[in-house]
Amino acid sequence: MSENAVGTLTEPPFHIRFAHTVDRHLVHRAAVAEVFVTDTRQIGESVYLAGAQTPLSHSYYNDHIQRGALTDVLLVLEACRQAAVCGGHTFLDIAMDTSFLVNEVSVQLRNPEALRTGSDPGELQLLTEYPAVRMKGGRVRQVGVEQELTFNGAAVGVSSMRVSAMTKHEYGSFRTYQRGGVAPSTREVPRPDRSGILAPAQVGRTSPGNVVLAEPVFDAGRLTARLLPDFDNRSLFDHQYDHFPAMTLLEGARQLALLAAFWSGRQLSVTHVLGMDAAFLRFAELDAPVVLSAEMPGSGEDTVDVAFQQSGRSVATASVRLHGEAKA
């Protein structure tokens with residue numbers, strides 16, 4: 001990435017602040033508590049730098065049984081998403097009434113020791129470029145994002161995503177046409193019976209509220225489970241949705257990969273997820289079962305490929321990379 005510094009008389013080039021979070025509307029969040037980006041700056045012709053503070057205590061992102069604890073890969077990815085959206089509104093002049101649909105996403109963390117949580121909140125810096133921006137009718141329609149990640153001063157990995165963009169009115173019309181009717185929202189669908197959810201320890205969690213899988217079945221070397229999250233979990237459903245959001249599907253993929261590892265005899269206390277690639281093929285509806293499945297990983301295998309099926313159709317795929325070397 002190019003580095004054409006743009007400094008000021010009062011601040012050095014590339015100085016990123018971690019003093020407070022940005023306006024929650026810039027990252028499409030309803031709750032201020034779910035905002036992690038603290039600053040964004042343009043540092044070159046088409047290069048941007050963002051900062052995000054990672055919390056030490058969060059009911060979702062810090063609820064893991066692994067010791068010693070590493071910064072949650074989905075927290076890093078959420079910070080990447082927020083930085084990309086914030087930068088899009090701030091620097092690419094993408095209208096605030098834009099709805100983003102995630103088509104593909106990838107996060108790969110390669111320095112687990114640098115990701116270990118300490119006694120202070122973490123400082124994540126995200127060097128961001130938008131290498132593919134497609135315009136139509138004067139509006140941004142598709143955006144590609146690439147990010148290089150530094151955590152507490154150490155390089156820790158990369159992230160990329162490809163998203164589609166449309167106005168909220170266009171989204172509503174498209175969604176109704178695609179489904180053949182108005183989709184119910186998370187406030188409207190009946191709360192499901194979650195009495196069959198997995199024990200939290202089997203998916204690396206301590207809180208039942210963060211478990212999103214139920215009804216596991218192992219047959220002919222393949223593990224399946226139903227996606228059954230708590231719609232009142234505000235980290236998974238920050239605001240009203242008319243489908244399962246990408247981050248909730250990714251949580252399901254992570255938990256299925258950890259369940260497969262657990263049933264294969266691995267100790268989850270030292271098994272971390274450090275990489276995820278996913279493609280989202282169609283909307284995962286709230287009012288029909290979503291079933292996840294994966295082949296059980298063989299000895300020495302660290303990648304679990306997860307398929308998402310709903311009503312006989314594939315809605316998403318994900319690849320989850322496990323890492324088992326970090327010790328307490």
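Helices, as labelled here, are DSSP runs of at least four residues, numbered from the N terminus, and in this predicted model one such run, helix H3, covers residues 246-263 and contains phenylalanine 262.

**The whole chain**

Begin with the entire chain in view, where 3 helices and 12 strands can be coloured separately. The C-alpha trace spans about 65 × 50 × 30 Å along its principal axes, and the radius of gyration of 20 Å agrees with the value near 20 Å that a compact globule of 328 residues would have. Buried residues make up 52% of the chain, while the accessible surface comes to about 14,500 Å², with 51% of that area belonging to carbon and sulfur atoms. Among contacts with a separation of 6 or more, 68% are between residues 24 or more positions apart.

**The end of helix H3**

Select phenylalanine 262 next, which at 35% relative accessibility counts as partly exposed, because that value falls between the 20% and 50% limits. Leaving aside neighbours within four places in sequence, alanine 261 is in contact with Arg266, Leu268 and Leu322. For a sense of scale, draw a distance from the C-alpha atom of alanine 261 to that of asparagine 103: the two are separated by 27 Å and lie 158 residues apart along the chain.

**Threonine 98 in strand E3**

Strand E3 covers residues 98-109 and includes threonine 98, a buried residue with a relative accessible area of 3%. Which partners does the side chain of threonine 98 reach through polar atoms? One is the backbone oxygen of alanine 95, at 2.7 Å, and another is the side chain of arginine 139, joined by a polar contact of 3.1 Å. With neighbours within four places in sequence set aside, the contacts of threonine 98 are His28, Arg139, Ala165, Met166 and Lys168.

**Asparagine 210 in a loop**

Continue to asparagine 210, in the loop between helix H2 (168-179) and strand E7 (213-219); although placed in a loop, asparagine 210 is buried, with a relative accessible area of 4%. The side chain of asparagine 210 reaches the backbone oxygen of serine 59 at 2.8 Å. Residues touching asparagine 210, not counting those up to four places away in sequence, include Tyr60, Asp63, Asn233 and Glu251.

**Salt bridges**

Finally, display the charged side chains, among which a search of the whole structure finds 21 salt bridges. In one of them, arginine 175 pairs with aspartate 242, the closest N and O atoms being 3.3 Å apart. Arginine 175 lies in helix H2 and aspartate 242 in the loop between strand E8 (222-227) and H3, so the pair ties together parts that are 67 residues apart in sequence. Both arginine 175 and aspartate 242 are buried.

Arginine 179 and glutamate 285 form another salt bridge, at 2.8 Å from N to O. This pair links helix H2, which holds arginine 179, to the loop between strand E9 (272-280) and strand E10 (290-295), which holds glutamate 285, across 106 residues. Where arginine 179 is partly exposed at 29% relative accessibility, glutamate 285 is buried at 11%.

Methods:
Residues are numbered from 1 along each chain as its sequence is written. This is a predicted model: local features need pLDDT of at least 70, side-chain atom pairs count only at pLDDT 80 or more; totals for chains, interfaces and linings use all residues. Side-chain values use heavy atoms; hydrogens and water are left out. Helices (H or I, at least four residues) and strands (E, at least two) are DSSP runs, numbered from the N terminus. Buried means under 20% relative accessible area, exposed over 50%, partly exposed in between (1.4 Å probe, protein chains only). A polar contact is a pair of N or O atoms within 3.5 Å; within protein, one must be able to donate a hydrogen and the other to accept it, and residues adjacent in sequence count only if both atoms are side-chain atoms. Contact means heavy atoms within 4.5 Å. The radius of gyration is taken over C-alpha atoms; the globule rule is 2.2 Å times the number of residues to the power 0.38. Accessible areas come from the Shrake-Rupley method with a 1.4 Å probe; for residues, only the protein chains shown count as cover. A salt bridge is a side-chain nitrogen of Lys or Arg within 4 Å of a carboxyl oxygen of Asp or Glu.
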